[in-house]
Amino acid sequence: MGLTGFFLISFLIVHCFINSMIFFNDGGETFNHWGHFMGSNLIIRTMEIGLFLFLLIHIIQGLMLWAQNNAARPIKYAMNKPGKNSAWYSRSMGLLGTLILMFLVLHLYHFWLPSRFGGMANVHALETTTLGDYAGQEAHNLYREMQIVFQGNIWVVIVYVLGVISLCWHLIHGFQSAFQTFGINHKRYTPLIKAIGVVYSVVICLLFALMPISIYMDWVN
Ligand code: HEM
């Protein structure tokens with residue numbers, strides 16, 4: 001879980017960084033440029049297969065761990081004060097993971113499906129744009145797609161924000177946990193790793209949450 005977790009943590013940094021280009025307020029030009037690069041680069045497209053594979057392995061391993069933990073103590077403690085011996089987000093990794101999975105299914109339906117399967121996916125019409133710096137090449141207008149998904153759709157915005165809040169809690173625990181899996185548990189360094197994990201989780205999730213909110217509120221255009 002640690003290895004797949006590290007891979008997913010890195011993916012989120014790249015995904016968040018590229019999406020944040022919408023905040024340039026240039027009608028999505030910079031974002032579409034990078035979106036096109038990511039969508040057309042052969043190495044990155046190959047990594048996409050790895051991403052989905054790792055995501056699947058991470059989910060299956062998480063479910064197995066959750067089942068093992070339950071089976072290890074079929075008769076519950078008569079006296080258990082979970083609040084005293086573990087943080088709540090560490091106890092709720094399964095619940096948060098499930099919420100994130102629900103968000104992810106909706107998210108891939110909104111963006112990945114139309115992008116890869118076009119009209120066949122029948123989700124929404126995907127407009128194209130002309131990329132000036134790619135010798136006038138036509139590319140998917142991913143920025144316009146964000147507007148189609150979020151503008152005027154308050155429920156979609158709420159689901160995305162809730163999904164991202166769940167992701168934040170999941171990452172806060174998962175970040176440090178990934179290091180621990182590799183035996184990195186040190187009196188001096190573990191508090192630092194934990195602090196970096198909290199900063200990483202909050203910054204990434206805040207930026208992600210700001211994307212649907214800003215488009216809905218018309219803060220970027
Ligand atoms: C909340 C703000 C987010 C926005 C606006 C957003 C937007 C997008 C867009 C536009 C794409 C399509 C890229 C393309 O077609 O080439 C995409 C793909 C994807 N997103 Fe997000 N995303 C957000 C958050 C997240 C989060 C939090 C996760 C993971 C937990 C995530 C996971 C993915 C995955 C796995 C893909 C498919 C990757 C691929 O095309 O290879 N996204 N997203």
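Figure 1. A search of the whole structure, which is a predicted model, finds 2 salt bridges. A salt bridge here is a side-chain nitrogen of Lys or Arg within 4 Å of a carboxyl oxygen of Asp or Glu. Side chains of opposite charge can pair when their charged atoms come close. Helices are DSSP runs of H or I with at least four residues, strands are runs of E with at least two, and both are numbered from the N terminus. Glu48 counts as buried because its relative accessibility is 17%, while Arg45 is partly exposed at 32%. For these terms, buried means under 20% relative accessible area, exposed means over 50%, and partly exposed lies in between (1.4 Å probe, protein chains only).

**Figure 2. The bridge from Glu48 to Arg116.** The side chains of Glu48 and Arg116 meet in a salt bridge of 2.7 Å, N to O. This pair links distant parts of the chain, with Glu48 in helix 3 and Arg116 in helix 6 (residues 93-117), 68 residues apart. Arg116 is partly exposed, with a relative accessible area of 28%. Through shared partners, the salt bridges join Arg45, Glu48 and Arg116 into one network.

**Figure 3. Aromatic pair of Phe6 and Phe179.** The whole structure contains 11 aromatic pairs. Rings of Phe, Tyr and Trp (its six-membered ring) pair if their centres lie within 6.5 Å; planes under 30 degrees apart count as stacked, over 60 as edge-to-face and the rest as tilted. Phe6 and Phe179 form an edge-to-face pair, 5.1 Å centre to centre with 85 degrees between the planes. Phe6 lies in helix 1 (residues 2-19) and Phe179 in helix 8 (residues 154-181), so the pair ties together parts that are 173 residues apart in sequence. Phe6 counts as partly exposed, at 25% relative accessibility. Ring pairs also link Phe6, Phe175, Phe179, Phe182 and Tyr200 into a cluster.

Figure 4. Trp34 and Phe37 both lie in helix 2 (residues 29-40), 3 residues apart, about one turn of the helix. Trp34 is partly exposed at 34% relative accessibility, and Phe37 is partly exposed at 29%. Asn32 also lies in helix 2 and, at 4% relative accessibility, counts as buried. A polar atom of the Asn32 side chain lies 2.9 Å from the backbone nitrogen of Leu142. Leaving aside neighbours within four places in sequence, Asn32 is in contact (heavy atoms within 4.5 Å) with Thr129, Leu131, His140, Asn141, Leu142 and Tyr143.

**Figure 5. Strand 1 and strand 2.** Strand 1 pairs with strand 2 (residues 137-140) in the antiparallel sense over 4 bridges; two strands pair if DSSP finds at least two bridges between them. Thr130 stands opposite Glu138 in strand 2.

**Notes.** Residues are numbered from 1 along each chain as its sequence is written, and side-chain values use heavy atoms, leaving out hydrogens and water. In this predicted model, local features need pLDDT of at least 70 and side-chain atom pairs count only at pLDDT 80 or more, whereas totals for chains, interfaces and linings use all residues.

Notes
Polar contact = N/O pair within 3.5 Å; in protein donor to acceptor, adjacent residues only side chain to side chain.
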